[in-house]
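Dear colleague,

Please find below the structure that I am handing over to you. My findings follow it, and I would ask you to read them with the structure open.

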Amino acid sequence: MCAPSITNTNTTMASARARLMLLLASAAAARRAAAFVAGRPGGPLSSVAPSSTFATAAAGWRRPPPPAGSSPRRPLSASTDAAPASAAGEKTEEEKAAIKAAREARKAEKERKKAEKAEKKAAQKAAEEAANRIEEVTYLDASEQESYAPVGDMATIMSRSRSGREFVDVVDVGGSEDAEHGPGSRVWLRGRVSSIRAKGGSCFIVLRQGSFDTVQACYFKDKEDPEGSKKMMKYLKTLTTESVVDLEGVVRPAEVRSCSIQDAEIAITRIHSVSNADAMLPFLVEDAARSEAEVEASQSTDRPFPRLGQELRLDHRWLDLRAPANNAILCVRSGVCQLFRESLYSQGFVEIHTPKLVAGESESGAGVFTTDYFGTTACLAQSPQLYKQMAISSDILRVFEIGPVFRAENSHTRRHLCEFTGLDLEMAINEHYLETLEVVHKMFKHIFEGLEERWAKELAVIRTQYESEPAVITDEPCVLHWPEAMEILRGEGFDMGDEMGDLTGAQVSEWCHFCPITTHSVRGASFF
């Protein structure tokens, strides 16, 4: 029974010794690794902790007592085992310095290559920007034009020189041979960019001169000059509507329905912006040019046109007057004054200029604006009536004036203005007031017929937005006496009461249907 017990005990002790040897070998390897790491430049002094497995096993195992008569085994010393490992991983100061120098050299080389790469990239970017940069252009002499860039903003005009460029009018450009500047002609134009469409390798511009004359200018990518085409397209895409540009190009036949010049277009060779407009404007000129009927009809669609209020228009009047109809109205106003002067000059009238700051009211019954005149109250003239009468008394028998009139009338209608331009005339009569009627009739006839003949273009533009019919006036004055006038109005359904009341706007309109010129007088007097 004892033999199996002794055998088992010996087997257990042998197994325990084997496990102990494995643990000691693992601990020695760990110490050598720690010593190696500690010896590396910048390495930790002790970065390997004792194995937890070893510590646990060592704590739970006790060495068996040595056999009787044997000498006790000397315990292992940690310093003894670690010394060779530590000595093997130690570096001399020269080696450490060499390693540090090599590391710094590698770092410096890396930084040098990085800086070289960044410098090369910056130089490449600067070269690309320089190649694509569009500089300002100054035209000093047209004979040196080939040395100037074909695109770029025009330098500020400072009257430095007269370049010799000859600008032409859009109306003189045409696609027929009899046009002043026909196909093949190279022309310079200055105008506003009414619209622009740039896409891919093509660009179309509608150039506007004044408010009425437009022509199409276009550019297409040139395969023989890709760099120049790229720069041209880049510049064209920067242009904004309503900018003023100088454009050179060649006239060629084309069918263009959207411009006033419908049989020609301009092939762009050079273009320079003289004055750049803001990209965002208060409103578009094309919106200001639409008729009320067109705006109203669009309200039921998916894309209704905007309504431009009076305040918006007046706050940006400089833009509102670019609308063709509004621009044409000012031209026609000027025409009325011109024709008024022509007619009266031909009838022996003299133009006078009267004061507009006066000491008192010019006419009773009308409101007056007052202002301070160096401590004294002054009035804005309501009429040149007093001065016209003074001129007649001075033996200037026929006078007229075109000037401002101020009346402080807080009226309920839109037809009453506090300030307007008055066309006044005064004349002496010999025997009958019909002498005045004849002069005025001749004057009106000259104005109405002159506008239809000499300002036909402007009137046509106005009538596209504001409908009207040409005025028709008789060769001789059409005279209606008061009873006849009352009978006509009653026949049209108007209640005239006692026939002594002021005429309403509707009554005046009906009266004008029968007689182009009317005036109000007392019962029994003539009307014309």
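**Helices α12 and α13**

L451, E452, E453 and R454 of α12 are in contact with A456, L459 and R463 of α13. Please note that this is a predicted model. By class, three nonpolar and four charged residues make up this contact, with no polar ones. The axes of α12 (residues 434-454) and α13 (residues 456-465) come within 5 Å and cross at roughly 85°. Angles of 65 to 115 degrees count as roughly perpendicular, so α12 is roughly perpendicular to α13.

**Helix α5**

Which residues of α5 (residues 226-236) are buried? They are S229, M232, M233, Y235 and L236. Viewed down the axis of α5, these buried residues fall within an arc of 160°, and therefore line one face of the helix. On the other side of α5, E227 and K230 are exposed. The cover over the buried residues of α5 includes the strands β1 (186-199), β2 (202-209), β3 (213-220) and β5 (264-275).

In soluble globular proteins, nonpolar side chains tend to be buried together. Here the largest nonpolar core has 26 residues, and L189, I205, L236, I266 and I271 have the most contacts inside it. Two or more residues come from each of β1, β2, β3, α5, β4 (244-253) and β5. Leaving aside neighbours within four places in sequence, I271 is in contact with residues including I205, M232, Y235 and L236. A second, separate core has 21 residues, among them V332, C337, M443 and V461.

Yours sincerely

Technical notes:
Residues numbered from 1 in each chain as written. Predicted model: local features only at pLDDT ≥ 70, side-chain atom pairs only at ≥ 80, totals over all residues. Heavy atoms only, no water. Buried < 20%, exposed > 50% of the residue type's maximum accessible area, 1.4 Å probe, protein only. Helix = DSSP H or I, 4+ residues; strand = E, 2+ residues; numbered from the N terminus. Arc of directions from axis to C-beta. Contact = heavy atoms within 4.5 Å. Core = buried A, V, L, I, M, F, W, Y, C linked by side-chain atoms within 4.5 Å. Axes fitted to C-alpha atoms, helices over the stretch in contact; angles between N-to-C directions. Parallel < 35°, antiparallel > 145°, perpendicular 65-115°, else oblique. Nonpolar A, V, L, I, M, F, W, Y, C, P; charged D, E, K, R; others polar.
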